[in-house]
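Here is a quick tour for anyone meeting this structure for the first time. Have a look at it, and then we'll walk through a few of its parts.

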Amino acid sequence: MGKLLVAALLSLAAWPVLAQLSIEITGAGAQRIPVAIAPFAGEGALPPGITSIVRADLERSGLFRALEVPPLVPQPTEASNVNYAEWKSRLADALVLGSIAVRSDGRFEVRFRLYDVVKQSPIGGVAYTMSRDQLRATAHRIADYVYEKLTGEKGVFSTKIAYVVKRGTRYELQVADADGAN
């Protein structure tokens, strides 16, 4: 009888399993806000570009889905007239347009505007004056602005993280941007 039971169990184990794996995402990841971030006009003078840092910050939050925007001709800036129908066809709910210009003192002026594509209206914008070494900090501030305007909560991309590293018998305090850079 024991052999018969083992044989029956083995034959059941050989039957194909018809279960289906189903994963349901709830919370922030389920309804990420699609944001188009056009490459900032003139950002080629400051690698890595501000656009890629802003895009990475927003995506890392889990609340946004950054849409790929190919280089456009002419390249739109914060002063451009926005064709909301075009951006809606690209499935964007929000749009960031900006530019970077070299000032006479050697510093850079970064301007950007945030648009609500669904409501077809500008939300706001800011201009920053920065040096070359402030590029990442400025990009984080832009991401903070976009995050706050679209969620109503203050962004944290400009914050720093501190941690201790042990090297032999010594301990070092390390400080980095919120994204781990610098």
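This is a predicted model: local features need pLDDT of at least 70, side-chain atom pairs count only at pLDDT 80 or more; totals for chains, interfaces and linings use all residues.

In what sense do strand S1 and S2 pair, and over how many bridges?

Strand S1, residues 33-37, pairs with S2 in the parallel sense, and the pairing runs over four bridges. To pick out one spot, find Val 35: its bridge partner in S2 is Ala 66. To get from S1 to S2 the chain passes through H2, and this β-α-β crossover is right-handed.

## Helix H4 and its cover

Now move along to helix H4, which covers residues 135-151. Its 17 residues reach 24 Å from the first C-alpha to the last, close to the 24 Å expected at 1.5 Å a residue. Just after H4 comes Gly 152, which takes a positive phi of about 85°.

Several H4 residues are buried, among them Leu 135, Arg 136, His 140, Asp 144 and Tyr 147. What lies over these buried residues? The cover includes helix H2 (50-60) and a set of strands: S2 (64-67), S3 (94-102), S4 (108-116), S5 (121-130) and S7 (170-177).

## Aromatic pairs

Searching the whole structure turns up five aromatic pairs. One of them joins Tyr 84 and Tyr 115: the ring centres are 6.4 Å apart and the planes sit at 70°, so this pair is edge-to-face. Because Tyr 84 belongs to helix H3 (residues 84-89) and Tyr 115 to strand S4, the pair ties together parts that are 31 residues apart in sequence. Both Tyr 84 and Tyr 115 are buried.

Tyr 147 and Phe 157 make another edge-to-face pair, at 5.7 Å centre to centre with 85° between the planes. Here Tyr 147 is in helix H4, while Phe 157 is in the loop between H4 and strand S6 (160-167), so the pair ties together parts that are ten residues apart in sequence. Are these two buried or exposed? Tyr 147 has 12% relative accessibility, so it counts as buried. Phe 157 is at 9%, so that residue counts as buried too.

## A charge over a ring

One last thing to look for is Trp 87. Arg 90 lies over the face of its ring, at 5.0 Å from the ring centre.

Methods. Residues are numbered from 1 along each chain as its sequence is written. Side-chain values use heavy atoms; hydrogens and water are left out. Helices (H or I, at least four residues) and strands (E, at least two) are DSSP runs, numbered from the N terminus. The expected span of a helix is 1.5 Å times one less than its number of residues. Buried means under 20% relative accessible area, exposed over 50%, partly exposed in between (1.4 Å probe, protein chains only). Contact means heavy atoms within 4.5 Å. Rings of Phe, Tyr and Trp (its six-membered ring) pair if their centres lie within 6.5 Å; planes under 30 degrees apart count as stacked, over 60 as edge-to-face and the rest as tilted. A charge sits over a ring if NZ of Lys or CZ of Arg is within 6 Å of the ring centre and within 35 degrees of the ring normal. Two strands pair if DSSP finds at least two bridges between them. A crossover is right-handed if, with the strands pointing away from the viewer, the path from the first strand over the helix to the second runs clockwise.
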